[in-house]
Amino acid sequence: MQQLALTVGTVLQDYETQLVTMTVEEEVAFSLENIGIAPVEIAHRAKESLSKVGLAGYEKQAVTDLSGGQKQRLVLASVLATNPKILVLDEPTSALDPEGTQSLYKLLSKLNQEHGITVLVVEHDISTVLPYADQFILLENGQLIFSSTPEKVLTFMAKNQVFTEAIPPLWQLKLMLEELTTQQFDPWHREEEAIQQLRKVLEEEVCKHA
């Protein structure tokens, strides 16, 4: 169990319950003290992890003075300081506005790409994670239903009525257009991709009938 704790870092949905100290630097140091890291190494790791989450310079700030998004990033910094190989987040955007949600997922994507951390997110709103995920794991009542790329999982969901309401609006539109026409679109992860492909199809149709 101890080895698992050193490998897997967890950020809970109610992240404020994970905050236990008075200042930002104390919060990060607390997680390192618990695993027996030397004081000199604690200072180095704390500075590095706070920088990763955009909280450099906040070391002396009182935790109670932070915004909700900053508190969430502080919890993330405390977890990252322990150098986990896997990061698990439970509904991490439930208390965030759209801007905060996008900012968090950009950060998680950066941690994955630049630091090799495997990021596992438990999320009901597929739209928020779609632009960043490379694999979906579909569960129902705790049971594994299907696991593959987002495109394959969303296609599977579309064929099973119980899951159709959970399909992101962007993909609902894509699937509807493919059903009504003979056109097959590339995967849509962002609205910009959808707009670009739709514009290309319209231009091709105009050229055909010119």
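The following is a conversation about a predicted model of a protein chain.

Colleague: To begin with the chain as a whole, how many helices and strands are there in the chain?

Modeller: Read along the sequence, the predicted chain follows the pattern α-β-α-α-α-β-α-β-α-β-β-α-α-α, and its C-alpha trace spans about 70 × 40 × 25 Å along the principal axes. The count for the chain is 9 helices and 5 strands.

Colleague: What percentage of the residues of the chain count as buried?

Modeller: The chain exposes about 12900 Å², of which carbon and sulfur atoms supply 53%. A residue counts as buried when its relative accessible area is under 20%, and among the 210 residues of the chain the share that counts as buried is 36%.

Colleague: Among contacts between residues at least 6 apart in sequence, what percentage join residues at least 24 apart?

Modeller: Contact here means heavy atoms within 4.5 Å. Of the contacts in the chain between residues at least 6 apart in sequence, the share that joins residues at least 24 apart is 52%.

Colleague: Turning to Thr-93, is this residue buried or exposed?

Modeller: Thr-93 is found in the loop between strand E2, residues 86-90, and helix H5, residues 98-115. Its relative accessible area is 8%, and because the limit for buried residues is under 20%, Thr-93 counts as buried.

Colleague: With which side chain does the side chain of Thr-93 make a polar contact?

Modeller: Leaving aside neighbours within four places in sequence, Thr-93 is in contact with Thr-101, Leu-104, Tyr-105, Glu-123 and Thr-128. The polar contact made by the side chain of Thr-93 has a distance of 3.1 Å, and the partner is the side chain of Glu-123.

Colleague: Which residues does Gln-70 touch, not counting those up to four places away in sequence?

Modeller: Gln-70 has its place in helix H4, which covers residues 68-80. The C-alpha atoms of Gln-70 and Glu-33, 37 residues apart along the chain, are separated by 22 Å. Not counting residues up to four places away in sequence, the residues that Gln-70 touches are Leu-55 and Tyr-58.

Colleague: Which residues make the nonpolar surface patch of about 450 Å²?

Modeller: One of them is Leu-139, whose place is in strand E4, residues 136-140. Leu-139 has a relative accessible area of 51% and is therefore exposed, since exposed means over 50%. The patch as a whole is made by Ile-86, Leu-120, Ile-137, Leu-139 and Leu-144.

Colleague: How many aromatic pairs are found in the whole structure, and what is the angle between the planes of Phe-146 and Phe-156?

Modeller: A search of the whole structure finds 4 aromatic pairs. Among them is the stacked pair of Phe-146 and Phe-156, with 4.6 Å centre to centre. This pair links distant parts of the chain, with Phe-146 in strand E5, residues 143-148, and Phe-156 in helix H7, residues 150-158, 10 residues apart. The angle between the planes of Phe-146 and Phe-156 is 5°.

Colleague: How exposed are Phe-146 and Phe-156, and which residues do ring pairs link into a cluster?

Modeller: Phe-146 counts as partly exposed because its relative accessibility is 27%, and Phe-156 is likewise partly exposed, with a relative accessible area of 23%. The cluster linked by ring pairs consists of Phe-146, Phe-156 and Phe-163.

Conventions
Residues are numbered from 1 along each chain as its sequence is written. This is a predicted model: local features need pLDDT of at least 70, side-chain atom pairs count only at pLDDT 80 or more; totals for chains, interfaces and linings use all residues. Side-chain values use heavy atoms; hydrogens and water are left out. Patches are made of residues with over 30% relative accessible area and no salt bridge: like charges are joined within 9 Å, nonpolar side chains (Val, Leu, Ile, Met, Phe, Trp, Tyr) within 5 Å. Accessible areas come from the Shrake-Rupley method with a 1.4 Å probe; for residues, only the protein chains shown count as cover. A salt bridge is a side-chain nitrogen of Lys or Arg within 4 Å of a carboxyl oxygen of Asp or Glu. Helices (H or I, at least four residues) and strands (E, at least two) are DSSP runs, numbered from the N terminus. Buried means under 20% relative accessible area, exposed over 50%, partly exposed in between (1.4 Å probe, protein chains only). A polar contact is a pair of N or O atoms within 3.5 Å; within protein, one must be able to donate a hydrogen and the other to accept it, and residues adjacent in sequence count only if both atoms are side-chain atoms. Rings of Phe, Tyr and Trp (its six-membered ring) pair if their centres lie within 6.5 Å; planes under 30 degrees apart count as stacked, over 60 as edge-to-face and the rest as tilted.
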